[in-house]
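This briefing goes through a predicted model, topic by topic. Please keep the sequence and the structure in view while reading.

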Amino acid sequence: MAIGVFDSGVGGLTVHRELVRRFPERDFVYLADQAHAPYGGRGGEEIVDLTRAGCERLFDAGASVVVLACNTASAIALRRLQQTWLPGERARRGRPVNVLGIIVPTIEAATGLPWEYEADRSGEKIEALEITGVFCTAATAISRVYEIEIDKRRQDLAVFCEPCPGLAGLIELGAPPEELEVVIGDHVDALRRRIGRHPDTAILGCTHYEIVAPVFARLLPEGTPVIHQPTAVADALERYFARHPDYDLGASGRRDFLTTGKPGPQSEMVSQFWGAPLSFAQA
């Protein structure tokens, strides 16, 4: 058995790397759906179908828990899969299996509040607002999941999403650093113009963006706090496994990397981020 990590491409490696650090003895299977990456510009039903297929493949590979290390899949597909597909999948496989997302841990980290908390709206009027900027894919922005869920918990925290179409694809292909800096700079400036100032905090709401987190940090005002999804997800998963010791996660330190796309070495950018050359096998 193992922990499965799923993404449309290489962005989920940012979460995977942190999970391996947190659970070094556990077995892991990573699946990149590179044949269909990126997901950000696809329709909702297609995202649901692709995410379900990826989870099925990871369960077939022995995963007990699959982490959707993709904001788009978490925003669009997760609830549907949990409510309408997973009950039958558990019965069919005859063992505990689950699919978890990365947006809940991110919102908990951004608000400093547990997911179950809801704000009391009967109190005094909020005079000062803190602003969080979310850089994300178009599909995640359209879902409005960050605006809706953060507003439920924090009336004093306003959210502005900046969709970055094409950025995940550039990172996936290993675009030159100077090209990425121009594109990211345009989005940082676009968000500043929409808000009227820079945000107080930022969320990199696509795991691909974490690969180039230093570029975002350099282009935002110095010292701007950035919510890092890999750390938030690892913290949440640690708590989850403490509550659910019934999951068999393996203990041999196995590391498998699969892709629906072209197998073999990944880009130089990915290798630099990972700290060593990384090659995927055919899913």
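Gly-4 of the predicted model stands opposite Val-29 in β2. The strands concerned, β1 and β2 (residues 28–32), run parallel and are joined by five bridges.

- Strand β1 covers residues 2–7, and six of its six residues are buried, so the strand is largely enclosed by the rest of the structure.
- Ala-2, Gly-4 and Phe-6 point one way from β1, while Ile-3, Val-5 and Asp-7 point the other way.
- In a regular strand, side chains alternate between the two faces of the sheet.
- Phe-6 has Leu-68 as its bridge partner in β3.
- Together with α1, the strands β1 and β2 form a right-handed β-α-β unit.

**The seven-stranded sheet**

- β1 belongs to an open sheet of seven strands, ordered β4-β3-β1-β2-β9-β11-β10, in which the pairing is mixed.
- The edges are held by β4 (98–100) and β10, each with a single partner strand, so one side of each has no neighbour in the sheet.
- β3 and β4 run parallel and are joined by three bridges, and within this pair Val-65 has Asn-98 of β4 as its bridge partner.
- Helix α1 packs on this sheet and touches β1, β2, β3, β9 and β11; the direction of α1 makes about 175° with that of β2.
- β9 (residues 255–259) pairs with β11 (residues 279–282) in the parallel sense over two bridges, and Leu-258 has Ala-281 of β11 as its bridge partner.
- β10 (residues 264–265) is joined to β11 by two bridges as well, but these strands run antiparallel; the bridge partner of Gly-264 in β11 is Phe-280.

**Helix α1**

- Helix α1 spans residues 13–22 and is mostly covered, with seven of its 10 residues buried.
- The buried residues of α1 are Leu-13, Thr-14, Val-15, His-16, Glu-18, Leu-19 and Val-20.

**The four-stranded sheet**

- Another open sheet has four strands in the order β6-β5-β7-β8, with parallel pairing.
- β6 (157–163) and β8 (226–227) stand at its edges with a single partner strand each, so one side of each is left without a neighbour in the sheet.
- β7 (residues 201–205) and β8 run parallel and are joined by two bridges, and Ala-202 stands opposite Val-226 of β8.
- Helix α9 (residues 177–195) lies across β5 (130–136) and β6, and runs at about 140° to β6.

**Nonpolar cores**

- The largest nonpolar core has 53 residues, of which Leu-19, Phe-135, Tyr-209, Val-212 and Phe-216 touch the most other members.
- Leaving out residues up to four places away in sequence, Phe-216 touches Phe-135, Leu-167, Ile-184, Val-188, Leu-204 and Tyr-209.

**Cysteines**

- How many disulfides does the count come to? The count is zero.
- The cysteine sulfur closest to that of Cys-161 belongs to Cys-136 and is 4.2 Å away; a disulfide needs the two sulfur atoms within 2.5 Å, so this pair is too far for a bond.
- Cys-161 counts as buried because its relative accessibility is 6%.
- Cys-206 is in no disulfide either, and the nearest cysteine sulfur, that of Cys-70, is 6.8 Å away.
- Cys-206 has 7% relative accessibility and therefore also counts as buried.

**Ala-141**

- Ala-141 lies in helix α6 (residues 138–143).
- Is Ala-141 buried or exposed? Its relative accessibility is 16%, so Ala-141 counts as buried, the cut-off being under 20%.
- Beyond its neighbours within four places in sequence, Ala-141 is in contact with Cys-136, Cys-161 and Pro-163.
- Ala-158 is 17 residues from Ala-141 along the chain, and the C-alpha atoms of the two are separated by 15 Å.

Conventions
Residues numbered from 1 in each chain as written. Predicted model: local features only at pLDDT ≥ 70, side-chain atom pairs only at ≥ 80, totals over all residues. Heavy atoms only, no water. Pairing = 2+ DSSP bridges. Contact = heavy atoms within 4.5 Å. Axes fitted to C-alpha atoms, helices over the stretch in contact; angles between N-to-C directions. Buried < 20%, exposed > 50% of the residue type's maximum accessible area, 1.4 Å probe, protein only. Right-handed = clockwise from strand over helix to strand, strands pointing away. Core = buried A, V, L, I, M, F, W, Y, C linked by side-chain atoms within 4.5 Å.
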